[in-house]
Amino acid sequence: MTPEQFEKVCLRAVDYLRGFAPNPVTRAQGKSTGNLAFNAIKWEMPDPDTFVIYVDESIAPYMPYTNEPWIHPRWGGKPNPNAGWWQRAGAYVALIVARLSGGGLKAAGNT
């Protein structure tokens, strides 16, 4: 796979990840800006074999609260319907990249 093909596969994965970000229904209805999905989810390609996807928390400082269980009394013990979305999305995106690239999964830091 060429670096260009790899980048194309990874950019497709970024699109999938953005679809996992909380509130896709309200985004579609125009009730949400989509800031987390469209502005804060970023990517970089530091070298031809590495693609990094991350959330820029200076743009969406609330991101951790979209992913974690709610503990504040304000929520009255209700569960966060989005809890764990980042982990689920990451696992799905990793599978998509592996499938589209014809490769397998390798944990970061392993050689």
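**A close look at one helix**

Modeller: Let's start with Ala89, which sits in helix α5. Helices here are DSSP runs of H or I with at least four residues, strands are runs of E with at least two, and both are numbered from the N terminus. Before going further: this is a predicted model, in which local features need pLDDT of at least 70 and side-chain atom pairs count only at pLDDT 80 or more, while totals for chains, interfaces and linings use all residues. Residues are numbered from 1 along each chain as its sequence is written, and side-chain values use heavy atoms, with hydrogens and water left out.

Back to Ala89: with 0% relative accessibility, Ala89 counts as buried (under 20% relative accessible area; exposed is over 50%, partly exposed is in between, using a 1.4 Å probe and protein chains only). Beyond its neighbours within four places in sequence, Ala89 is in contact with Leu17 and Phe20 (contact means heavy atoms within 4.5 Å). Looking along the chain instead, Ser101 is 12 residues from Ala89, and their C-alpha atoms are 18 Å apart.

Now the helix as a whole. Helix α5 covers residues 85–101, 17 residues in total, and spans 24 Å from its first C-alpha to its last, close to the 24 Å expected at 1.5 Å a residue (the expected span is 1.5 Å times one less than the number of residues). Just past the end of α5, Gly102 has a positive phi of about 75°.

Which residues of α5 are buried? They are Trp85, Ala89, Val93, Ile96, Val97 and Ala98. Their cover includes α1 (3–20), α3 (35–40), β1 (41–47), β2 (50–55) and α4 (63–67). Ala94, also in α5, is partly exposed at 29% relative accessibility. Ala94 and Ala13 are 81 residues apart along the chain, yet 8.1 Å separates their C-alpha atoms.

From the α1 side, have a look at Cys10, which belongs to helix α1. Cys10 has a relative accessible area of 4%, so it is buried. Setting aside neighbours within four places in sequence, Cys10 is in contact with Val97 and Phe51. Thr50 is 40 residues from Cys10 in sequence, with 9.7 Å between their C-alpha atoms.

Ala21 touches Trp85, along with Arg27, Leu36, Ala37 and Ile41, not counting residues up to four places away in sequence.

Next, strand β2, where you'll find Val52. Val52 is partly exposed, at 30% relative accessible area. Leaving out residues up to four places away in sequence, Val52 touches Lys42, Trp43, Glu44 and Pro46. Lys42 lies 10 residues from Val52 along the chain, with 8.3 Å between their C-alpha atoms.

Asp56 is buried but has no salt bridge, and Lys42, the nearest side chain of opposite charge, is 4.2 Å away. For a salt bridge, a side-chain nitrogen of Lys or Arg must lie within 4 Å of a carboxyl oxygen of Asp or Glu; as for charges, Lys and Arg count as positive, Asp and Glu as negative, and His and the chain ends are not counted. Aside from neighbours within four places in sequence, Asp56 is in contact with Ala40 and Lys42.

Ala40 also turns up among the contacts of Asn35, together with Ile59, Ala60 and Tyr62, again leaving aside neighbours within four places in sequence. Asn35 lies in helix α3 and is buried at 18% relative accessibility.

Finally, the wider view. The chain has five helices and two strands, in the order α-α-α-β-β-α-α from the N terminus. Of its 111 residues, 27% count as buried.
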